[in-house]
Structure formats: structure tokens, C-alpha cells
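Subject: Structure handover

Hello,

Here is the structure for your files. My notes on it follow below.

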Amino acid sequence: MTTQTAERHGACNPPMILEDQIALVTGASRGIGKAIAMALSAQGAKVYLCSRNLEALEVVATEITDRDGRAVPIRMDIRDNKDVTRAVKEIVGETSRIDILVNNAGFRNDKLLVRTGEEEWREVLETNLSGTFFCMRQVIPAMSRKRYGRIVNITSVVGFTGNVGQANYAAAKAGIVGLSKTAAREYARRGITVNAVAPGFIETSMASSMEEEMREVIRGQIPMARLGSAEEVADSVAFLVSPQASYITGQVLHVNGGLYV
């Protein structure tokens, strides 16, 4: 939760607007995914933390439970439809439902287009786009039975602007937008909203490892002259799954400090 959020809600007694809801967050072991899991937990949701790194998930789960939240780590490879099916069945078997799905897990392998091999193309598309599709396809039936669901897919500013050396990543993230809009139309009458959040340059472990000269170049491209935080992205996700966003579906919320307007 960001400082601004804590000030709005009161650090000691945040509102439990997601109390007793079941959330599944992919790529929850670090960075934006971890921040999303923390934000949903702080609002009362029981969060199933998913990624391929079970040990890292257990650390996040402990951090959440130490704050009186509820979190369950579960290993899942979103590139493997059978593994996604297994994990979702396990969660639904324990809880009878999944109220919230946040598809955050992603992967980059940057190269110029003509230097991108077939395997490098497929790996990025399968992780970012196919993985999002697999998770949605498995979760939507459970949501449809309850006639309620909130899905947020994490795309990227480069899905709208393109970026040198990221043909595979930009294509996958643009595909997530089309997938989200289609699902929003298909399942609105089932009480399911589907939206996307498109972060710009965010302070992550990858960003922090960049040379300061490169960071200055990036900051110079952003009207707000700073990188965003993972918590600011998480706050946007938390809004889209909240009751306040019940009439919003098929939309993309850009969190980029004015980089793309």
C-alpha cells in the first residue's frame, strides 16, 4: 500500500472492501505481482500467490500473514495449460470459487526483430499472452457459475507505443488488450468485468539495476519526471476489482506518469 493510500484510508484500519473474496494473482513472487497481492490482502481478500518459484512465494505469504492477511502460495507454470488447470481446480476445490483473477506474470527477451529467433518469439508470446488466456479460460467457468468475477490483466505501455528491441513483448502485451476487450464483451452478462492495467516505467529490481545515465534518459521521457512504483500499479488493480469499479469493463487503465497519453 502506498503512503498516499495509507493516508486516505488510515494505516491502522484500512477498509475491508474485499473481505472474504478469493483472489488469484500470477507472478506474485516479486515486484508488481507481490505489490498487487499485498494490496488485495490489505483489503480483506484471501490471496492465492502463483508463480514457478514456490520458495519466493512462501516468503511473500509469510510477509502477508505477518500483517494479519491471508495468503496461500501455490506453484503454477502459466505456460502449461495442464498445470494451470491443476492449480485452479485445487483452489476451487478448497474455496468453491475464485472472485478475482489478476494476470500479472510476464517474461521479456529483448532483441531486434530480425535477430529474434522462433523460440525467443514463442517463449515470450506463450508466457505473456497464452498464459493469460489459459488462466482466464480456467477461471471464467467458476466465475460464471457464481455470476460474479473481476479479472485484471497486466499489459504494458509498449503494447500501445511499441519499443525498439521488444517486438515479441509488445505484440504479446497488445494481444492482451484485445483478449481483455473480447472477454469483457462475452462475459459482462455473467457479472464478470475484464479490464487491463498498462504500466509505464516502474521501479522494479530490473529498473534499479540500470545505469543512472539510462535512468535519466527514461525520466526525461516521462512528463511526471519519475518512475512509478509497484504500489501505484497495485492501487490501480485494487480499484478495478473493487465495488467502486462495478460498471467498468473492457477498459485499459494507463499508469505511466503521462508517458503515453
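**Salt bridges**

E212 and R215 form a salt bridge, with their closest N and O atoms 3.6 Å apart. The term means a side-chain nitrogen of Lys or Arg within 4 Å of a carboxyl oxygen of Asp or Glu. This is a predicted model: local features need pLDDT of at least 70, side-chain atom pairs count only at pLDDT 80 or more, and totals for chains, interfaces and linings use all residues. Residues are numbered from 1 along each chain as its sequence is written, and side-chain values use heavy atoms, with hydrogens and water left out.

Both E212 and R215 sit in helix α9 (residues 212–221). They are 3 residues apart there, about one turn of the helix. Helices (H or I, at least four residues) and strands (E, at least two) are DSSP runs, numbered from the N terminus. R215 is buried, at 11% relative accessible area. E212 is partly exposed, at 43%. The cut-offs are under 20% relative accessible area for buried, over 50% for exposed, and partly exposed in between (1.4 Å probe, protein chains only).

This pair belongs to a network of salt bridges that links E203, E212, R215, E216 and R219. The count for the protein comes to 15 salt bridges.

- E118 bridges to R122, with the closest N and O atoms 3.1 Å apart. The two are separated by about one helical turn, because they are 4 residues apart in helix α5 (residues 118–146). E118 is exposed at 58% relative accessibility, while R122 is partly exposed at 43%.
- D99 bridges to R97, with the closest N and O atoms 2.9 Å apart. D99 counts as buried at 7% relative accessibility. R97 counts as partly exposed at 22%.

As background, side chains of opposite charge can pair when their charged atoms come close.

**Two other residues**

What does Q138 touch, leaving out residues up to four places away in sequence? Its contacts (heavy atoms within 4.5 Å) are N81, V84, T85 and V88. Q138 lies in helix α5. Q138 and T85 are 53 residues apart in sequence, yet 6.2 Å apart in space, C-alpha to C-alpha. Q138 is partly exposed, at 22% relative accessible area.

S156 is in the loop between β5 (149–154) and α6 (158–161). Is S156 buried or exposed? At 7% relative accessibility, S156 counts as buried. S156 touches Y169, K173, A198 and P199, again not counting residues up to four places away in sequence.

**The whole protein**

The protein has 10 helices and 9 strands. Its C-alpha trace spans about 45 × 40 × 35 Å along the principal axes. The radius of gyration is 18 Å, which agrees with the value near 18 Å for a compact globule of 261 residues. That radius is taken over C-alpha atoms, and the globule rule is 2.2 Å times the number of residues to the power 0.38.

Buried residues make up 48% of the 261. Among contacts with a separation of 6 or more, 71% join residues 24 or more positions apart. The accessible surface comes to about 12,800 Å², and 51% of that belongs to carbon and sulfur atoms. Areas come from the Shrake-Rupley method with a 1.4 Å probe; for residues, only the protein chains shown count as cover.

Best wishes
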